[in-house]
Amino acid sequence: DGRIYFKSAEDKLRLYSMAMDGTDVKRENELEETYHLNLWNGRIYWSNNEDARKLYSANLDGSDMKILTTSSAEKLCVTDGWILYYDMNKYEERAINLETNECFTVFPGGFTDPTISEHGVISKMNNDLHLYRAQLGSSGMNLLVDESVDNVCIVGDYVFYRGEDHQNHMINVDGTGDTVL
């Protein structure tokens, strides 16, 4: 809605916003330690740094605060009714359906730079940096690119990445049709 939201290191990581031109800076709420901050659909999602990084959500004004996990959460990514996070207690990536509160293991081996879309979670894996896709609401994953990738971006039904050959590539979200750009 024409505002930029950010956390202020000078004010105990509280949520602030400002107009797109940098004017009208204001503190949105009194919530402190909004670590791994994400916003989606009028709510803020964060792991609270002073509460063992438990995962929380609240309205932007701080009302209707809820604890979503009892374990420590990092690497938050929120979109389309799903939140993806790394569960530091179980050492696995998990996704929560924000409508049903169902929780699923997504990547058992550790992910890097995840993207959530209608196609599921697309991410590099920590162990081999290959590109994988996991369907939301299910466990397990499919290999999309069998080499180390970098600079991954999803646009529509396509995944763009930089391959080991230092070339930019485009593939379909199912891993077919690899084209060097």
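Reader: Does R14 count as buried or exposed, and at what relative accessibility?

Author: R14 counts as buried, because its relative accessibility is 10% and buried means under 20% relative accessible area, with exposed over 50% and partly exposed in between (1.4 Å probe, protein chains only). Before going further, please note that this is a predicted model, in which local features need pLDDT of at least 70 and side-chain atom pairs count only at pLDDT 80 or more, while totals for chains, interfaces and linings use all residues. Residues are numbered from 1 along each chain as its sequence is written, and side-chain values use heavy atoms, with hydrogens and water left out.

R14 lies in strand 2, residues 14-19, where strands (E, at least two residues) are DSSP runs numbered from the N terminus, as are helices (H or I, at least four). Once neighbours within four places in sequence are set aside, R14 is in contact (heavy atoms within 4.5 Å) with F6, K7, S8, R27, N29, E30, L31, E32 and T34.

One of these contacts, E32, also meets the side chain of R14 in a salt bridge, at 2.6 Å from N to O; the term stands for a side-chain nitrogen of Lys or Arg within 4 Å of a carboxyl oxygen of Asp or Glu. Because E32 lies in the loop between strand 3 and strand 4 (34-40) while R14 is in strand 2, the pair ties together parts that are 18 residues apart in sequence. E32 itself is partly exposed, with a relative accessible area of 26%, whereas R14 is buried. Side chains of opposite charge can pair when their charged atoms come close.

For comparison, the structure holds 12 salt bridges, among them one between D24 and R3, whose closest N and O atoms are 2.9 Å apart. That pair links distant parts of the chain, with D24 in the loop between strand 2 and strand 3 (26-27) and R3 in strand 1 (residues 3-8), 21 residues apart. Here D24 is partly exposed at 46% relative accessible area, and R3 is partly exposed at 21%.

Another salt bridge joins R43 and D64, with the closest N and O atoms 3.1 Å apart. R43 counts as buried at 13% relative accessibility, while D64 counts as partly exposed at 42%.
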